[in-house]
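Biologist: I have a structure open. Please walk me through how to read it.

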Amino acid sequence: METQMLRATINKLEQLGEIEYCNTQVDPKFELGAVLRYFSNRKPIMFNKPKGYDMPVLGGLYGNRELYYKLMNDVTSENRLFRFMDAIANPQPAKMVNNGPIKENIVTGNIDIPRMFPVPTSHEKDSGAFITAGMFIVRDPETGYTHMAVRRFQINGGNSISALVSGHSPALLEQFAEFEKINKPLECAVVLGYDATYLLASQIGSRRYGLDKHEVDSALRGEPLELVKCHTVDLEVPAYAEMVLEGVLVPNKRVIEGPFGELMGYYGEVAPNPVMEVKCIMHRNNAIFQHAFPCREEHLANGLIREAELYAAIKNATIDVQDVNITVGAGCRLHAIISIKKRKAGDAKTAILAALGSSYDIKHVVIVDEDINIYDSSSVELALSSRVQASQDVVIVPGALGSGLESSHVARGVTDKMGIDATKPLGEYAHLFEMAIIPGFEGELDIEKYLPGIKNK
């Protein structure tokens, strides 16, 4: 049985009872996305009958935090930060193999992407259909390392797609600029049909860590990632992926890309972006098209890596940090809820400064005590309502650098940042904040013991 990429993930989802199969015909334009959005992109759904195509579409794969942990090798909420940091610190070699299922079909002529693949259109004003889960692969010409990241690709027609190459990818932007100076195409590939581990490895910063992400993947999964050579470009891709689009970014050629419904549900900016000419497609027999309705899946994985970086930043500030949550509701970028064991009066303010300084994307930070559940909005709201006095506990940093994916920053060019100290005071007033408990019955309660037929939460 396969252990890597999408089909291994499907097997695991079936074992967990976490995948649904839709056998009703669904239009890839708008309708398919509406079904995924109904479940907040948290439920994996296989659409077996996309209108006009014989190829099934699988979406909603990686938008559920707890399910994400289960899809990885021995990852839990408690150990995830340390597992991720260890993989970055101790990458392991991948494994080259001569062949793999990805090479079962190789198409080099008459490539017409709109005809071949059921690429969805998600929103009313989107400029067209977009590949949203595509893993973009390039090689660093200086180090030889493989860099990969999820990009969106606008379908232009025929074998032409537009690749979003923005200021959020400075290494790729600079690399392509160097190729354009000498009018040289940049070899690249787009992978679809990967697993949670591959997605997570892709989210580490190429510039920050300077690592081959395939080696980080191998460390995360606990076994070597199996790779094969592409058919027409000098790149390696997962042997068990569903499909790979091979080609080049064409130098000094741009096509208007967008609008596209992006982070936080707003439309992103319209801009000229590079064109990828697809020269070859490799795909498995009975291939499955992977789709990520904008914009939870990639951003959850990105948030998980950011949490490890945030944890380390606060730990380095000598704060006894317990856990961190970069929230899904704020795009897994803009809001952080941080639990600390407060030892000194200034600990929370120090944690605020460390958190805001760890990433330009983080906009608002809330620091709470360890008795608050940072994954439960009601618990966090309790701390905000009963432990905060605005004149003493709110820190505001006006006019800072913010996220280019956040609309109010784009409108102003700068961002006001805020930290809230929602921790209990130390000393003589601490007793006023002691939480009332029911001894012996805190935590999970087996409600079916008392009310048979009612499912536990």
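Modeller: Start with burial. Buried means under 20% relative accessible area, exposed over 50%, and partly exposed in between (1.4 Å probe, protein chains only). Lys-253 has 36% relative accessibility, so it counts as partly exposed. This is a predicted model: local features need pLDDT of at least 70, side-chain atom pairs count only at pLDDT 80 or more, and totals for chains, interfaces and linings use all residues. Residues are numbered from 1 along each chain as its sequence is written, and side-chain values use heavy atoms, with hydrogens and water left out.

Biologist: Where does Lys-253 sit, and what does it touch?

Modeller: Helices (H or I, at least four residues) and strands (E, at least two) are DSSP runs, numbered from the N terminus. Lys-253 belongs to strand β14, residues 243-257. Contact means heavy atoms within 4.5 Å. Setting aside residues up to four places away in sequence, Lys-253 touches Glu-180, Asn-273, Pro-274, Val-275 and Glu-277. For a sense of distance, take Thr-232, 21 residues from Lys-253 along the chain: their C-alpha atoms are 21 Å apart.

Biologist: Is His-214 buried or exposed?

Modeller: His-214 is buried, with a relative accessible area of 2%. Its place is in helix α9, residues 213-221. Beyond its neighbours within four places in sequence, His-214 has contacts that include Gln-92, Thr-146, Leu-227 and Glu-236.

Biologist: Which side chain makes a polar contact with that of His-214?

Modeller: First, the rule. A polar contact is a pair of N or O atoms within 3.5 Å; within protein, one must be able to donate a hydrogen and the other to accept it, and residues adjacent in sequence count only if both atoms are side-chain atoms. The side chain of Tyr-198 meets that of His-214 at 3.3 Å.

Biologist: What about Asp-361?

Modeller: Asp-361 lies in the loop between α11 (347-358) and β19 (364-369). Asp-361 is buried, at 2% relative accessible area. Its side chain makes a polar contact of 2.8 Å with the side chain of Arg-306. Asp-361 also touches Arg-333, Leu-334, Ser-403 and Lys-417.

Biologist: Now zoom out. How many helices and strands are there?

Modeller: The protein chain has 14 helices and 21 strands. The radius of gyration, taken over C-alpha atoms, is compared with the globule rule: 2.2 Å times the number of residues to the power 0.38. The chain's value is 23 Å, close to the 23 Å that the rule gives for 457 residues, so it is as compact as a globular protein of that length. Of those 457 residues, 52% count as buried.
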